Amino acid sequence: MAHREFKDKLYPEFARIARALSSDRRLELVDLLVQAPRRVEALVEETGMTMANVSQHLQVLKNARLVESERSGTAVTYRLASPAVVSLWLALRGVAEDRLPEIGRLRDQYASDVRQALPRADLQRMLKRGEAVLVDVRPAVEFQHGHLPGALSLPIDEFGKRLKDLPRDKRIVAYCRGTYCLFADEAVALLRKRGYDAVRLEGGWPEWIAEGRAVAVR
């Protein structure tokens with residue numbers, strides 16, 4: 001009887017996490033908060049949701065203790081509650097990639113060939129030898145929160161104006177918010193059109209930190 005009672009109380013607690021992640025819009029919020037803490041207004045602008053909807057979804061995530069908030073005056077900033085939430089998000093995504101062929105088809109339809117991406121394990125060697133320049137094309141606020149060591153910040157909305165900052169005698173490696181972020185694909189396409197040797201990095205910020213690799217903060 002104690003065994004049954006234990007199970008009856010335990011699994012509903014696990015289900016709290018599953019319910020919190022059962023919304024596509026909440027998953028998008030988690031994916032954004034992987035990059036950097038954000039104020040509610042910034043999440044509204046990023047997602048196109050109303051303030052009321054964003055606040056409601058954040059409250060569900062907070063009740064499941066997946067995010068935390070901090071208030072300064074009238075401004076409220078949200079952040080992930082733990083690095084374990086990053087691991088959870090990537091694990092969920094990995095199972096979906098493995099079991100749902102629709103995800104691969106969407107990737108093929110909207111993004112460049114991921115098989116051409118530079119493996120993360122090769123990046124440090126190339127940078128050490130001076131063979132490549134690494135560019136972070138995420139918004140500046142995300143770069144400032146944390147980025148790959150040695151990366152230059154060239155947000156995608158400024159990218160075309162700042163190509164002159166990049167050398168033509170080295171490979172340009174672009175990265176962004178992760179495997180399913182298209183910013184790096186856009187940057188690579190523009191660079192190649194202008195005659196640069198360019199490639200996107202395999203994965204991006206969340207995959208990098210999930211592997212426990214060194215990061216830089218500015």
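## E142 and its surroundings

The side chain of E142 reaches the side chain of R177 in a polar contact of 2.6 Å. Keep in mind that this is a predicted model. E142 sits in helix 8, which runs over residues 140-145.

Is E142 buried or exposed? With a relative accessible area of 0%, E142 counts as buried, because buried means under 20%. Leaving aside residues up to four places away in sequence, E142 touches Q35, A36, R38, E46 and R177.

## The largest pocket

Now for the pockets. The largest one has a volume of about 540 Å³. Its lining is made up of 18 residues, with L27, E28, D31, W89 and Y180 lying nearest the centre. Two elements give two or more residues to this lining: helix 2 (24-35) and helix 5 (83-99). Helix 2 has the largest share, at five residues.

At least two lining residues come from each of helix 2, strand 3 (75-80), helix 5 and helix 10 (205-210).

As for the make-up of this second lining, count 11 nonpolar residues, four polar and one charged.

Conventions
Residues numbered from 1 in each chain as written. Predicted model: local features only at pLDDT ≥ 70, side-chain atom pairs only at ≥ 80, totals over all residues. Heavy atoms only, no water. Helix = DSSP H or I, 4+ residues; strand = E, 2+ residues; numbered from the N terminus. Buried < 20%, exposed > 50% of the residue type's maximum accessible area, 1.4 Å probe, protein only. Polar contact = N/O pair within 3.5 Å; in protein donor to acceptor, adjacent residues only side chain to side chain. Contact = heavy atoms within 4.5 Å. 1 Å grid on protein atoms, 1.4 Å probe; cavity = no way out; pocket = protein on both sides within 12 Å on 5 of 7 lines; lining within 4 Å. Points joined across faces, edges and corners; volume = space filled by probe spheres on them. Nonpolar A, V, L, I, M, F, W, Y, C, P; charged D, E, K, R; others polar.
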